[in-house]
Amino acid sequence: MECVRKVAPSAAAQVKRTVRVNKNLALSDLPITKVLIAVNVVVFVLGQAGAQWAQPGRLALASSLISPLGEYYRLVSAGFLHYGFLHIAFNMYALWGLGNALEARLGSKRYLLLYFVALLGGSAGALALEPRALVGGASGAVFGLFGALAVALRSRGVSVMKSPLGPTLLINFFLTFAIPGISKGGHVGGFLFGAAAGYITLRPNKRGDTEWQDVGALIALGLVAIGFALFFAQRSSL
């Protein structure tokens, strides 16, 4: 998720080349990545057209809206809200590149769960560090995909810093902390939870786990992210 009316550019033009994809799945057959991009674009277009349900006041994340109001859906809805064309363009460009690498490797089911774990981790991070900001954006989920891809590279013995991903990560984290108005907690939280989800599904020397074991572990990690988010929302309201 996570930009507060501004965006840190996040795109890796070649990251999809750094992970060996499943040869039985063409890069054009990435249903979840395409659906996620489509939903983000539709919400953005309708919001720009004036649809009330697609406005920041209805979708954005802030601790006061979670506790005491109990609008828990914002932990997810904020990840589909963007504040301007550049905001959504950078995020969707990065999502396409990262999705090409990860959905082909993980399969749609685990990839979708990993995405939402990262999104929820971004919400938790935003509520931890910027609880009173009105936060929106897919950046937390995108940073989570960066984290998962870093784990995937390490699982193949590839140095992250010697891959196209390394400089991209450094630039994006530098911009996260250098530019005012960007949700630092959202980016860091998304990255950490995405890396944890990547470790579950792509860890080095992973053997024996079935897809459903991975699914169960990812769901549990998502619940942990929700728990952290609610804890930070409650703490900020005290």
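Visitor: Why does F116 count as partly exposed?

Guide: This is a predicted model, in which local features need pLDDT of at least 70 and side-chain atom pairs count only at pLDDT 80 or more, while totals for chains, interfaces and linings use all residues. Residues are numbered from 1 along each chain as its sequence is written, and side-chain values use heavy atoms, with hydrogens and water left out. Buried means under 20% relative accessible area, exposed over 50%, and partly exposed in between (1.4 Å probe, protein chains only). F116 has 25% relative accessibility, so F116 is partly exposed.

Visitor: What makes Y115 buried?

Guide: Its relative accessibility is 0%, so Y115 counts as buried.

Visitor: How many aromatic pairs does the structure hold?

Guide: There are eight aromatic pairs. Rings of Phe, Tyr and Trp (its six-membered ring) pair if their centres lie within 6.5 Å; planes under 30 degrees apart count as stacked, over 60 as edge-to-face and the rest as tilted.

Visitor: Why is the pair of Y115 and F116 called edge-to-face?

Guide: The ring centres of Y115 and F116 are 5.8 Å apart and the planes are at 75°, so this pair is edge-to-face.

Visitor: What makes the pair of F228 and F232 stacked?

Guide: The centres of the F228 and F232 rings are 6.2 Å apart and their planes lie at 15°, so the pair is stacked.

Visitor: How are F228 and F232 classed by accessibility?

Guide: F228, at 40%, is partly exposed, whereas F232, at 17%, is buried.

Visitor: Which residues do ring pairs link into a cluster?

Guide: The cluster consists of F143, F146, F173 and F191.
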